[in-house]
Amino acid sequence: MDTLTHTRRELITGMSALGLMVSASASSDPTPTAAPAAAAPAPAFRGAHAPQPLPFDPTKLHGLSEKLLVSHHDNNYVAAIKNLNRLEQELAQVSKDTPAFVVGGLRQSELLYRNSMTFHEAYFGNLGGEGKPSGAIAKALAAAYGSMDIWELHFRSTAASLGGGSGWVILGYELAAGELRTSSGINHTQSMATSLPLLAMDMYEHAYAIDYGAAAAKYIDAFFQNIQWDVVNRRFEQAEKLARLLRA
Ligand SMILES: [Fe+2]
């Protein structure tokens with residue numbers, strides 16, 4: 001938390017509690033005034049994230065049903081955003097007297113729900129395509145891994161390693177090195193710190209159990225049939241621009 005912001009908030013809260021803000025106003029203006037409106041929460045405590053709608057028609061994907069996709073979006077993704085919003089508002093209550101274990105728990109949960117929001121938006125955003133790799137990202141993956149097939153084998157086998165468990169598989173652009181890398185995490189908080197997600201794959205069971213039960217391999221095939229590579233290419237282009245700026 002920003003110390004200055006925190007200190008200012010405590011000062012305002014303290015002044016308000018003591019009636020100092022009201023009396024200061026009254027002393028400078030003798031005419032009766034309405035009570036001051038409550039200050040808007042600072043951005044860190046606003047809790048106003050809004051869920052994005054599915055960016056594709058959920059009846060049109062290959063091998064992933066409308067029931068699965070809508071359940072995933074409405075139950076898991078939207079719940080993460082509701083929890084993130086509630087958490088940010090809860091963080092506004094933290095004071096110097098709040099026990100460290102309470103602050104630590106809130107911080108862990110904030111990271112979990114924020115990354116869940118980010119990865120789910122990346123995931124839904126990179127579905128709805130025809131699964132045909134093209135453009136600069138295909139060339140860059142072939143250069144980074146030896147061939148596109150080798151990259152796909154690594155991405156698929158990483159996904160399979162999470163089948164029956166849970167987690168994320170991410171093709172990321174590692175900004176510090178300017179390189180493409182595949183990584184995985186068994187929860188929302190384990191990702192490369194300076195990596196931008198280019199292609200996100202949800203391996204939590206809620207992403208496939210409605211359609212495939214425990215048969216994760218069938219879901220991996222369906223995922224690859226629906227990758228929207230145009231979106232991955234746009235993200236790759238943006239990541240390269242950002243990396244060039246950082247290295248300039
Ligand atoms: Fe999910």
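This is a predicted model: local features need pLDDT of at least 70, side-chain atom pairs count only at pLDDT 80 or more; totals for chains, interfaces and linings use all residues.
Biologist: How many helices and strands does the chain have, and in what pattern do they follow one another?

Modeller: The chain has 9 helices and 3 strands. Read along the sequence, the pattern is α-α-α-α-α-α-β-β-β-α-α-α.

Biologist: What makes H72, H120, D202 and H206 donors of the iron ion?

Modeller: A donor is an N, O or S atom within 2.8 Å of the metal. The atoms concerned are NE2 of H72, NE2 of H120, OD of D202 and NE2 of H206, and they lie 1.9 to 2.2 Å from the iron ion. These atoms therefore meet the definition of donors. Along the sequence, the donor residues follow the spacing H-x47-H-x81-D-x3-H.

Biologist: Why is the arrangement of the 4 donor atoms around the iron ion called irregular?

Modeller: Four donors count as tetrahedral if all angles lie between 85 and 135 degrees. Here the angles run from 84 to 138°, so the arrangement is irregular.

Biologist: Why can H72 and D202 be said to tie together separate parts of the chain?

Modeller: H72 belongs to helix α3 (residues 66-91) and D202 to strand β3 (residues 195-202), so the pair links parts that are 130 residues apart in sequence. Both H72 and D202 are buried.

Biologist: How do you know that strands β1 and β2 pair?

Modeller: Two strands pair if at least two bridges are found between them. Strand β1 (residues 168-174) and strand β2 (residues 179-185) share 7 bridges, in the antiparallel sense. The strands therefore pair by this definition. One of the bridges joins W168 to G185 in β2. In the hairpin of β1 and β2, 4 residues lie between the strands, and G178 takes a positive phi near 70°.

Biologist: Why is the pair of W151 and F224 called tilted?

Modeller: A pair of aromatic rings is described by the distance of the centres and the angle of the planes. Planes under 30 degrees apart count as stacked, over 60 as edge-to-face, and the rest as tilted. The rings of W151 and F224 have centres 6.1 Å apart and planes at 55°, so the pair is tilted. W151 lies in helix α6 (residues 148-162) and F224 in helix α8 (residues 216-225), so this pair ties together parts 73 residues apart in sequence.

Biologist: What makes the pair of F223 and F224 edge-to-face?

Modeller: The planes of F223 and F224 stand at 80°, with the ring centres 5.8 Å apart, so the pair is edge-to-face. F223, F224 and W151 belong to one aromatic cluster, whose members also include Y77, F119 and W168.

Biologist: How do you know that the charged end of R156 sits over the ring of F224?

Modeller: The distance part of the rule asks for a charge within 6 Å of the ring centre. The charged end of R156 is 4.5 Å from the centre of the F224 ring and is counted as sitting over that ring.

Biologist: Why are W151, F224 and N226 called buried?

Modeller: Buried means under 20% relative accessible area. W151 has 0%, F224 has 7% and N226 has 1%, so each of these residues counts as buried. N226 is found in the loop between α8 and α9 (229-247). Leaving aside neighbours within four places in sequence, N226 is in contact with residues including L61, H62 and N126.

Biologist: Which elements do the buried residues of α8 pack against?

Modeller: The buried residues of α8, among them Y219, F223 and F224, pack against α4 (100-125), α6, β3 and α7 (209-212).

Note on methods
Residues are numbered from 1 along each chain as its sequence is written. Side-chain values use heavy atoms; hydrogens and water are left out. Donors are N, O and S atoms within 2.8 Å of the metal (3.2 Å for Na, K and Ca); water is not among the atoms, so sites may look incomplete. Four donors count as tetrahedral if all angles lie between 85 and 135 degrees; four count as square planar and six as octahedral if opposite donors are over 155 degrees apart and all others between 65 and 115; anything else is irregular. Helices (H or I, at least four residues) and strands (E, at least two) are DSSP runs, numbered from the N terminus. Buried means under 20% relative accessible area, exposed over 50%, partly exposed in between (1.4 Å probe, protein chains only). Rings of Phe, Tyr and Trp (its six-membered ring) pair if their centres lie within 6.5 Å; planes under 30 degrees apart count as stacked, over 60 as edge-to-face and the rest as tilted. A charge sits over a ring if NZ of Lys or CZ of Arg is within 6 Å of the ring centre and within 35 degrees of the ring normal. Contact means heavy atoms within 4.5 Å.
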